[in-house]
Amino acid sequence: MNQQKILIIGGGISGLSTARWLADSGVPVELWEADQRLGGKIRSHRESGYLTENAAGILMNYRAEVDQQINAAGLSEQKCSRGSDMRRYVVQGGRLCEVPMQVPALLASPLWSWRGKLRMASELLVARGGDEQETVSQFIRRRFGSEILEKVMDPYVAGTLASDPEQANAASVLPRMTALERRYGSITAGMLINRLLHRQRANRAEAFSFQGGMGKLVEQLANHPLIKRLSGTRATTLQLSGTGWQVGATDRSGAQLSRQVDQLVLATPADATAGLLDGQDARLARLLDAIEYAPLSVLHLGLARKQISHPLDGSGFLTPRREGLSFNGNLWMSSLFAGRAPSGQVLLTSYIGGARHPERSNWNEAQALTYTLADLRRLIGLRGEPDYLRLVHHPRALPLYHGDYLQRSRQIRARVETLPGLHLVGNYLDGVSVRDRIVQGSVTAQQILHSSRSESGAQAFSYRPATVG
Ligand SMILES: Cc1cc2nc3c(=O)[nH]c(=O)nc-3n(C[C@H](O)[C@H](O)[C@H](O)COP(=O)(O)OP(=O)(O)OC[C@H]3O[C@@H](n4cnc5c(N)ncnc54)[C@H](O)[C@@H]3O)c2cc1C
């Protein structure tokens, strides 16, 4: 059998997931990772009885592909889900306020003024509008009014995407909501219709991690006999050659290696991808290089449970810009998942910086601790000092889908189409979450398997190809 040669560069979740989809279909792949360890941003860290995460801590899923890959990787039994009744809070007027998740509670909630409630309810009557350039702020204000933007969407976009709703492109950051408006003319109507049509899955997300943390996911995805992993191997050159690609790298001993491959998947961040492609397609490289990234720091604090008066009966809280707090969100990791802190202790994780306050991501441990503790003392009744602290800096944490991102991403895709056998995966396209990474991996693997050049004879997956976003 004449099998295609497939090389994946980059061993974060994007590259690993793509590799795993191919391997599970019986197709061998080689994967190069510059770092000594696989996983990219995702890394779980055990220390002093605490289990902390460098980046992704929660997999929020509503896609069948994620379930399928987790099952195939033998991880179903190691999932730890948070309780379905977990509360979510936002800060309002210097206090934590529960965010209602059901419509009756939403209408009764003290979070909104009567005016705000009426404006939200009138979403059903708001005509279609906006354009592709519309920002998240403009879109939410137009559909629901300012209150929901300021109290919920602003903290959501800042807290989960490190982004700024005043600059983020609505169609790219909120693809499901903007699609509901396009299709049904109203988000509320679209959600109700979907519910009536029993498309409940689309609205019901499961939030989980794994025993041993998110690091378990990348470890298990990589663990397949058809994935040949070369860590400590940094790709340095690539060029179109004949019907495929000639790729060069430096390995951990400093030796040079090269491969001629039929299908090349670049699963590296946008700037690294730009560097690799510069000699082949300078225009594509420039488009990639112009994608902005936000810096972000993650501050983990371990404390005795009795040092905190709040019941910590939820997943944590997000912070609206107008509350002027030092961090974007605070997750109560030990409330979310078992085994995150020693008995009698709790683990609280704060996210500092992002597009709203990039300068704060440079805070050192003393600064991050001082400002964060001051806010936590007021909000959750924290007393004393933590017995554990870990600060993780990410100078380029997350790509920002800001400004002309939609056109830029289209131009990137159009140019990639002209380069045969080349595939770009990574969180600068199709969403930043781990869920989106796995879905994108499945789409890319499908494209490779179904490519007209494929002679592998491998079986395609048993589900319909997914559309991303
Ligand atoms: C602080 C933080 C919190 C987050 N929280 C969540 C969360 O709770 N839930 C969620 O779903 N998502 C979360 N995310 C998002 C998610 O973690 C990331 O989007 C995802 O891990 C990115 O994966 P990736 O493979 O695209 O990129 P990366 O993880 O950056 O992987 C790219 C890899 O390419 C390698 N590489 C680069 N250049 C080369 C080269 N020349 N040769 C070989 N290899 C190379 C790098 O070493 C790296 O390993 C969070 C992100 C951050 C930063």
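F208 is buried, its relative accessible area being 0%, where buried stands for under 20% relative accessible area, exposed for over 50% and partly exposed for what lies in between, with a 1.4 Å probe and protein chains only. F210 is likewise buried, with a relative accessible area of 0%. The structure is a predicted model, in which local features need pLDDT of at least 70 and side-chain atom pairs count only at pLDDT 80 or more, whereas totals for chains, interfaces and linings use all residues. Residues are numbered from 1 along each chain as its sequence is written, and side-chain values use heavy atoms, with hydrogens and water left out.

A search of the whole structure gives seven aromatic pairs; rings of Phe, Tyr and Trp (its six-membered ring) pair if their centres lie within 6.5 Å, and planes under 30 degrees apart count as stacked, over 60 as edge-to-face and the rest as tilted. Among them is the tilted pair of Y89 and W332, with 5.7 Å from centre to centre and 45° between the planes. Because Y89 lies in strand β7 (residues 87–92) and W332 in strand β17 (residues 329–332), this pair ties together parts that are 243 residues apart in sequence; strands (E, at least two residues) are DSSP runs, numbered from the N terminus, as are helices (H or I, at least four). Y89 and W332 are both buried. The ring centres of F208 and F210 are 5.8 Å apart with the planes at 85°, and the pair is therefore edge-to-face. Ring pairs also link Y89, F317, F327 and W332 into a cluster.

The charged end of R396 sits over the ring of Y293, 4.2 Å from its centre, a term that requires NZ of Lys or CZ of Arg within 6 Å of the ring centre and within 35 degrees of the ring normal. R176 lies over the face of Y62, at 3.8 Å from the ring centre.
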